[in-house]
Amino acid sequence: MEAVFTVLGLGLVVFGLYDVFRGLLYPSGRGTISYWVLRVVWRLSRGTGHRWGSFSGPLGVVLVIVLWGMLQAFGWALVYYPHIPEGFYYAEGMNPDNYDDFAEALYISLVTLGTLGFGDVVPTGAWLRFVSPVEALIGFALLTATLSWFTQIYPALARRRALAVRLRALQAVGYADRVPFLERAGASRTLDQLTTDIVDVHVALVQNAESYYFREIKEDAALAVSLPYAMEIAARAEDAPAEEVRLSGAMLSSAVADFGQLLREEFHGAGENTEEVLGAYATDHGYPAAPAWRSERPRD
């Protein structure tokens with residue numbers, strides 16, 4: 001049975017580490033745990049009409065971190081379990097017979113994983129003395145990795161919000177209707193900057209898929225609401241007399257379409273064309289599917 005518990009425990013440890021690797025270190029990858037936990041929390045939030053939608057992303061991330069820690073704690077506890085109590089030295093005044101063997105193994109695992117080093121229970125077995133520091137190193141690495149996760153998510157959210165606010169500002173001045181009449185260098189420069197911003201947000205979402213599940217508290221900062229206006233700007237750029245502006249508009253339209261394809265394939269899975277995909281994006285985040293810019297002018 002010792003071999004069974006050891007193999008099962010190491011299996012949990014390896015699976016947990018691989019999931020952390022896929023979720024945090026692998027480019028454009030998502031771990032199994034993070035994928036399902038975030039989706040479940042998001043769907044539960046949608047079921048309530050996103051009443052607590054702004055908490056779904058942070059809550060999902062915290063739950064993922066807790067599950068990663070539990071996998072390591074229970075995995076190492078199974079490794080220690082067959083060696084309780086004879087494989088460990090107990091401090092004076094402690095009687096191992098007073099404690100359940102598996103509960104004691106889990107306690108040792110948690111203390112080691114947290115690098116607390118109480119010293120009340122110390123491994124004495126030759127190989128146990130080796131694996132115990134390994135678990136401590138994994139615990140330290142897991143803490144560092146989860147902290148770095150937050151430092152990756154929030155810059156991605158900042159780029160997304162900045163793009164949303166910029167599109168809102170352009171919408172406020174009716175920029176789409178003015179594109180064909182603007183000086184070509186200035187118009188092209190603005191369109192190219194929007195394209196660059198959308199590509200940056202696209203790449204950030206690929207690398208930090210969990211950022212999709214962070215819903216904005218204020219609609220003004222929600223890209224799901226303002227992104228369709230970029231398509232309107234690109235469409236109006238087609239009417240510009242300057243080829244440079246038309247080309248920049250085509251690039252902008254392509255960037256939005258590519259971003260919409262990512263949204264459809266990886267997240268909400270709805271929509272036959274870019275307009276429908278963006279509408280589904282807004283709906284999935286709890287906003288009206290019909291974007292506000294539709295009322296600016298009748299389409300020919």
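User: Taking a salt bridge as a side-chain nitrogen of Lys or Arg within 4 Å of a carboxyl oxygen of Asp or Glu, how many salt bridges does the count come to?
Analyst: The count comes to eight salt bridges. This is a predicted model, in which local features need pLDDT of at least 70 and side-chain atom pairs count only at pLDDT 80 or more, while totals for chains, interfaces and linings use all residues. Residues are numbered from 1 along each chain as its sequence is written, and side-chain values use heavy atoms, leaving out hydrogens and water.

User: Which residue forms a salt bridge with D284?
Analyst: The partner of D284 is R46, and their closest N and O atoms are 2.8 Å apart. The pair links distant parts of the chain, with D284 in helix α10 (residues 274-284) and R46 in helix α2 (residues 32-47), 238 residues apart. Helices here are DSSP runs of H or I with at least four residues, numbered from the N terminus.

User: Is D284 buried or exposed?
Analyst: D284 is buried, at a relative accessible area of 6%, whereas R46 is partly exposed at 42%. Buried means under 20% relative accessible area, exposed over 50%, and partly exposed in between, with a 1.4 Å probe and protein chains only.

User: And what about R160?
Analyst: R160 forms a salt bridge with E216, the closest N and O atoms being 2.7 Å apart. This pair also links distant parts of the chain: R160 belongs to helix α5 and E216 to the loop between α7 (184-207) and α8 (223-237), 56 residues apart. Both count as buried, E216 at 6% relative accessibility and R160 at 7%.

User: Which side chain meets R166 in a salt bridge?
Analyst: That side chain is D197, at 3.6 Å from N to O. Because R166 lies in helix α5 and D197 in helix α7, the pair ties together parts that are 31 residues apart in sequence.

User: Where are F150 and Y154?
Analyst: They are four residues apart in helix α5 (residues 126-172), so about one helical turn separates them. F150 is partly exposed at 27% relative accessibility, and Y154 is partly exposed at 37%.

User: Which residues form the aromatic cluster?
Analyst: W42, Y212, Y213, F259, F267 and Y281 form one cluster.

Note on methods. Helix = DSSP H or I, 4+ residues; strand = E, 2+ residues; numbered from the N terminus. Phe/Tyr/Trp six-rings, centres within 6.5 Å; stacked < 30°, edge-to-face > 60°.
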